[in-house]
Amino acid sequence: EKVGKRLRSRNLSGKTIRLKIRWPDFTTITRQVTIGQPTNHDSVILSNALSLLEKEWLEGKGIRLIGVGVSQLEPENYQLSLFDQDFQKEQSLLKALDGLQERFGKNIIYKGREKSR
C-alpha cells in the first residue's frame, strides 16, 4: 500500500515490481517481474510481490527483511479500453482513500479485507 500510495502521490506508475528478501543468515536475494501495463494499484503490486515470494520462500524459514519496490517509472497515463470500467473505479477509490488518510491519518479507514491495526 505504501508503494502504491507514494506512486499515486507523484502521479507515477511502474512496470517492474521487485521483491527483496534477506534471510536470517544475511543472504539477500532480489526477484522482479515486469508487467505489461504500468501500474500504481495496490492490488496489482501486492499480487505480483506475493507471487514472487511464493516462488522463493520455504515454509518455516525465517525472513529477516522483506521489501517491495516498483521501477521503470513513467507518468501516470493509462491506455484504457471500453472494458476497463473496474480499473477506473479502483483508481478513483484509491485516490479517495489516499486523500482521507492524508487528511485524517492513516488509521481513519481500512479496506474491507484488512484487520484493524
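Predicted model: local features only at pLDDT ≥ 70, side-chain atom pairs only at ≥ 80, totals over all residues.
Side chains of opposite charge can pair when their charged atoms come close. The structure holds 2 salt bridges. One of them joins Asp42 to Arg8, with the closest N and O atoms 3.0 Å apart. Here Asp42 belongs to helix 2, which covers residues 42-56, while Arg8 belongs to helix 1; the pair links distant parts of the chain, 34 residues apart. Both Asp42 and Arg8 are buried.

Another salt bridge runs between Arg31 and Glu56, and its closest N and O atoms are 3.0 Å apart. Because Arg31 sits in strand 2 (residues 28-39) and Glu56 in helix 2, this pair ties together parts that are 25 residues apart in sequence. Arg31 has a relative accessible area of 32%, so Arg31 is partly exposed. Glu56 also counts as partly exposed, because its relative accessibility is 26% and the buried class requires a value under 20%.

The backbone is the next topic. Most residues other than glycine have a negative phi. Asn11 has a positive phi, near 55 degrees. This residue lies in the loop that runs between helix 1 (2-9) and strand 1 (12-22). With a relative accessible area of 42%, Asn11 is partly exposed.

Gln72 likewise has a positive phi, near 55 degrees, and is a residue other than glycine. Gln72 is found within strand 3, which covers residues 65-75. Its relative accessible area is 46%, so Gln72 is partly exposed.

Technical notes. Residues numbered from 1 in each chain as written. Heavy atoms only, no water. Helix = DSSP H or I, 4+ residues; strand = E, 2+ residues; numbered from the N terminus. Buried < 20%, exposed > 50% of the residue type's maximum accessible area, 1.4 Å probe, protein only. Salt bridge = Lys/Arg side-chain N within 4 Å of Asp/Glu carboxyl O.
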